[in-house]
Amino acid sequence: MKMFFLIVMVFIGSTSVSGQIVHRTFPAVRTTQKIVIDAVLDDSAWTKAPLATGFVEFKPNIGKHEDEKNKTEVWILYDDNAIYVAGFCHESSRDSLSTDLVGRDVVGANDFVGVLFDTYHDEINGFGYYVTPLGEQYDAKYSSNGEDDSWNSVYFTEAKIVEGGWKFEMRIPYSAIRFGNKSHQDWGINIIRRRNKSGQQFMWNPINPVINGLFNQAGIWKGIENVKVPLRLSFSPYLSTYANHYPYNQPGVKNWSSSINGGMDVKYGINQSFTLDMTLIPDFGQVQSDNKVLNLTPFEVKYNEYRTFFTEGTELFSKGNLFYSRRIGGTPLHYYDAGNQINSNERIVANPSETRLINATKISGRTASGLGVGVFNAITNAQYAIVEDNNKVQRKIETNPLTNYSIVVLDQALKHNSSISFINTNVMRSGGDYDANVAAALFDIYDKNVNYNVWGKVGVSQLFGYKPDKGTLNGYNHNLSFGKMKGNLTWSLSQNLADRNYQQNDMGYFTNNNYLNHYSWVGYKILKPKNFYNNLYFNINTTYNRRFNPGTSQNVFVNVNVNGQMKNLWNVGIAYNVSTQENDFWEPRIEGKVFKRPYFTKPAAWIYTNAAKKYSLGIDGSYTSMPEYKAKGFDIQFNEQFRFNKKLTISNSANLEYKNRNIGFAAVEGERSIFGLRKRHTVENIFSVKYNFNNKMGITFRTRHYWSKVDYSEFFDLNNDGSLKSTTTVSNNPNSNVNFFNVDMVYTWQFSQGSFINIVWKDASSTFSNNVDDRYFKNFSNTWSEPQLNSLSLRIIYFLDYLSLKGKK
C-alpha cells in the first residue's frame, strides 16, 4: 500500500467539481543561521521563514478548507547545503492522532506530512519526502508512470507529539534531490497532510480532480538563488555471513555450510542531472522468500522483485513494460536440459537454479529540458551443472553462458502531461546461444486542456541466431489507445497486437504472442460525498480477443463493477464477469490444437473495513459457474490485522480456492492432448507479526503455508475441432498434492542514517506427491516433518557520504 493514496485518483480522477488550476506562490528564503533537526522549532531561523497554511481538503470533501482547530502550518527555508522544512500539525485531541511504528518506507495507519518538489518545473516529474508523527520516513519519485515508492534517498527527520498536535522538522540535503544548475530557479511545490482516522487528505495547493495530473496543479516555490549542485558520491560497503543447514544425512555430504561475502553499492552524481548506481558482488540472500504456487496454466508464474537494486529508482526502465528484472540472476537458460546430456553411468550432483550476478550498473536522470535518460547494464557469470559417474569422476555441463543484459531509455517530457519515449533492451550471450533485442517507441499525448489522451507503443523483437539455420527471428507488437480523461464520464478504446514471432521473454515477461485484442472501458465517477458514501465508481470493461495469424476469434469477456468508499471509511464493491465460449490455443500444450472452453460467469464482491481502526478486516470473494460441465467453484480471501499498540501488530491472510468439476489440461502423450475434470482445492495462510522497538529498530516475522491439490476424476482426448472425447487411457497419474512452507524472520537496526544491521532467519520446506491427501492439517504436519533448509545470516551495510567524510576531516 502506498502512502500517497491520492495519486491514483489524481491521474484518473473526475467528478462534478469544476474550476480552474490555481498556482499559489511560496517565496524561497535563504538562511545563514544554524538549524538543529529536533522537532522543537525553537531555532531563530524559523522566525524569518515564510508560512504555508490554508490547506484545502482533497478527500473526501473536495475543496473544503481545513478547520482552524486542526490546521496545518509549514515553514520552508534553504541554505547552501540543504532544504529545511518544519511544521505544526494541530489536532483538537490526542485521540484523533493516528500513529503506527512500521519502519521506513511503509505507510501503516499513520498520519503524515509530505513535501513534493518539481525541481525542473516540467509539471510531470518530481520528488516527495514524508514524515510521520513518530519520525519515520517515506520517500518517492514521481513521473508519468505515477509514484515510485522504491526510490530511496538519505534525508533527516525528527517528529514529536506535543500538546495540541505534532511537530516535525526535515533536512533534505541537495545530494538527496536532483535539480538544474541555473543561478535563479523556480520549482513546483506542494504539501500534503493526511489525517488517517478521519480519512482526510489536505493539499497546500488545491488539486482539482476534474483535471488530469499532479505537478501541473502544484504551487510555485519562487526565487531560489545560487544553489550549487554538490558532489554526490556515496559508498555502501557490506559484509555478510551465512550459516545454512539441510539434513542431507549422506556420506560425504555436509549438513552444514557457511559463507562470508563482501561487496559494495556505489552512488555517484555524474552531474546535476544524472546519477550512477552500481552494485559490486551483490548479495541478495536476505530477500523475502517467493510465494511459490502450483501452476496449472501454460504460462510462467511472475514473481515479485524483492532485490533493492532492481526495485529502487527504476521508473524509467519500466517504460513499455519490457523489463522483468527477475530474468537477471534467474533460472539458467539450459537448466532443464542438463538431464539430457548425461551418460547412463552418470548422475547430476549439483544443478544451481539461479545464475550468479557479477555486477550491475544503472545511470539515470533528467535534463533541465525534460529529457530523461536511463542506461542499465548487468552481467551474470556462466553457470554449470555438476555430474558424477560411478567412479566419482566429475565434469561440468554449461547450463547458462556468460550473459550481458542492457537497457537504454529516452523519455522526453512535453507540455500538458505528455511525453514520448524510446526503450531498447538487449541480451548478449557468449558462445553459440542466441542473442535477443527488443526496441519500442512510445507516445503519451494529451490535448491542451488535458481532456483527451492518445497513447501508444510500437515495438519490434529480434532473436539473433534463434532459427535452426542461425537466422534472425523478427517480431512485431503494438498497443494503441484513445480515451477521454476529464469529467464525470470517462472512457477509452484500445488495441493490442503481437505477431506470431514477437518475443520479449529474454529480458521481459510475456505470456503469449500471436494475438489481436480490442478493449473498451467506460467509467462514471462520483467523488463528492453524499448520503452514505464518500465516492462511487461505476465501470464497464469489454475485451474482444482474437488470434492474429491465422485470424480466429477467441472470446468476448465483459466485466461490470461498482465500488466506492462509505462514510465509515469502509471500501466495498461488487462485480459481474462473463465470458463467451473461448477458443483456447495455449491450454492444449500442442501447437495447432485448440480447446473450446465453455462460457462461464463469475460474480464477485469485496469489503474492507476502516484500516485506521485497531482491528481491520478485508473479505474478497467470487463464485465461478460453467454450466456445460456443471463446474462450480469459489475463491475467497480473508485479510485481518490487529494493532495492539503503536509497536505491535499481527496480521493474517487466508486464501481459499475450491473448484469442483474444473476442466483443464492433464497431460501430453505422444500427439494426444489429454484433458480432465478435476477437483482443485487450495489453502494459503500467511501469518505475520511486526514489533518495532522504535523508529530505527524492529523485528518482523512472516510464515506462509501453501497447500494445493488436484484430483482428476474423468479424462478426455482433445479432438481436432476443440471438443472433448471421453477416454480411460492415461499412462501417468497427473494428480498433484503440493505443499510449500516458509519462514522469514528479520531483525533490522538502522544504527546510522542509511546504515543497517540485518539478522535474518529463513526456513523452507516443500512436498510433492501424485497421491492426494484431502486433510489440511495432515498436509501441514507432513510438510513440517520434511527436511527443512534453515539459514541464519548477518549483514552489515554502512553508508559513507563523501562530503560528510570530507567535512569531518
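This is a predicted model: local features need pLDDT of at least 70, side-chain atom pairs count only at pLDDT 80 or more; totals for chains, interfaces and linings use all residues.
Start with the charges. The structure holds 33 salt bridges. One of them joins aspartate 80 to arginine 30, with the closest N and O atoms 2.4 Å apart. Aspartate 80 sits in the loop between strand E4 (72-78) and strand E5 (82-90), and arginine 30 in the loop between strand E1 (25-27) and strand E2 (51-52), so the bridge ties together parts that are 50 residues apart in sequence. The two ends differ in cover. Aspartate 80 has 52% relative accessibility and counts as exposed, because the cut-off for that class is over 50%. Arginine 30, at 31%, counts as partly exposed.

Next comes strand E40. A salt bridge connects glutamate 714 and arginine 661, and their closest N and O atoms are 3.6 Å apart. Glutamate 714 belongs to strand E40 (residues 697-718) and arginine 661 to strand E38 (residues 648-669). The pair thus links distant parts of the chain, 53 residues apart. Here glutamate 714 is partly exposed, with a relative accessible area of 34%. Arginine 661 is also partly exposed, at 32% relative accessibility.

Another residue of E40 bonds elsewhere. Lysine 709 forms a salt bridge with aspartate 774, the closest N and O atoms being 2.3 Å apart. Aspartate 774 lies in the loop between strand E43 (755-769) and helix H3 (776-785), while lysine 709 is in strand E40, so this bridge ties together parts that are 65 residues apart in sequence. The accessibilities contrast. Aspartate 774 counts as exposed at 53% relative accessibility. Lysine 709 counts as buried at 3%.

Charged residues also gather in groups. Glu582, Asp584, Glu587, Arg589 and Arg597 are linked in a network of salt bridges.

Now turn to the rings. The count comes to 44 aromatic pairs. Take phenylalanine 323 and phenylalanine 376: their pair is tilted, at 5.3 Å centre to centre and 50 degrees between the planes. Phenylalanine 323 lies in the loop between helix H2 (308-311) and strand E18 (346-350), and phenylalanine 376 in strand E20 (residues 371-380), so the contact ties together parts that are 53 residues apart in sequence. Phenylalanine 323 is buried, with a relative accessible area of 15%. Phenylalanine 376 is buried too, at 3% relative accessibility.

A second pair joins tyrosine 706 and phenylalanine 740. The ring centres are 6.1 Å apart and the planes stand at 35 degrees, so this pair is tilted. Tyrosine 706 brings us back to strand E40, whereas phenylalanine 740 is in strand E42 (residues 736-752), and the pair links parts of the chain 34 residues apart. Tyrosine 706 is buried, with a relative accessible area of 5%. Phenylalanine 740 is buried at 17%.

Tyr78, Phe117, Phe127, Tyr129, Trp151, Tyr155, Tyr174, Phe179, Trp187 and Trp221 form one aromatic cluster.

Some rings meet charges instead. The charged end of lysine 396 sits over the ring of tyrosine 384, 5.0 Å from the ring centre. Arginine 547 lies over the face of phenylalanine 585, at 3.9 Å from the ring centre.

Next, the surface. Leu489, Val522, Tyr524, Phe538, Ile540, Val560 and Tyr576 make a nonpolar surface patch of about 590 Å². The elements that give two or more residues to the patch are strand E29 (515-526) and strand E30 (533-547). One member, valine 560, is in strand E31 (residues 552-566). Valine 560 is partly exposed, with a relative accessible area of 37%. Membership needs over 30% relative accessible area, so valine 560 passes that cut-off.

Last, a sheet. In general, strands of a sheet pair through backbone hydrogen bonds, either parallel or antiparallel. In this model, an open sheet of 5 strands has the order E2-E4-E5-E11-E10, and the pairing is antiparallel. The edge strands are E2 and strand E10 (156-162), each of which pairs on one side only. Alanine 52 stands opposite valine 74 in E4.

Terms used
Residues are numbered from 1 along each chain as its sequence is written. Side-chain values use heavy atoms; hydrogens and water are left out. A salt bridge is a side-chain nitrogen of Lys or Arg within 4 Å of a carboxyl oxygen of Asp or Glu. Helices (H or I, at least four residues) and strands (E, at least two) are DSSP runs, numbered from the N terminus. Buried means under 20% relative accessible area, exposed over 50%, partly exposed in between (1.4 Å probe, protein chains only). Patches are made of residues with over 30% relative accessible area and no salt bridge: like charges are joined within 9 Å, nonpolar side chains (Val, Leu, Ile, Met, Phe, Trp, Tyr) within 5 Å. Accessible areas come from the Shrake-Rupley method with a 1.4 Å probe; for residues, only the protein chains shown count as cover. Rings of Phe, Tyr and Trp (its six-membered ring) pair if their centres lie within 6.5 Å; planes under 30 degrees apart count as stacked, over 60 as edge-to-face and the rest as tilted. A charge sits over a ring if NZ of Lys or CZ of Arg is within 6 Å of the ring centre and within 35 degrees of the ring normal. Two strands pair if DSSP finds at least two bridges between them.
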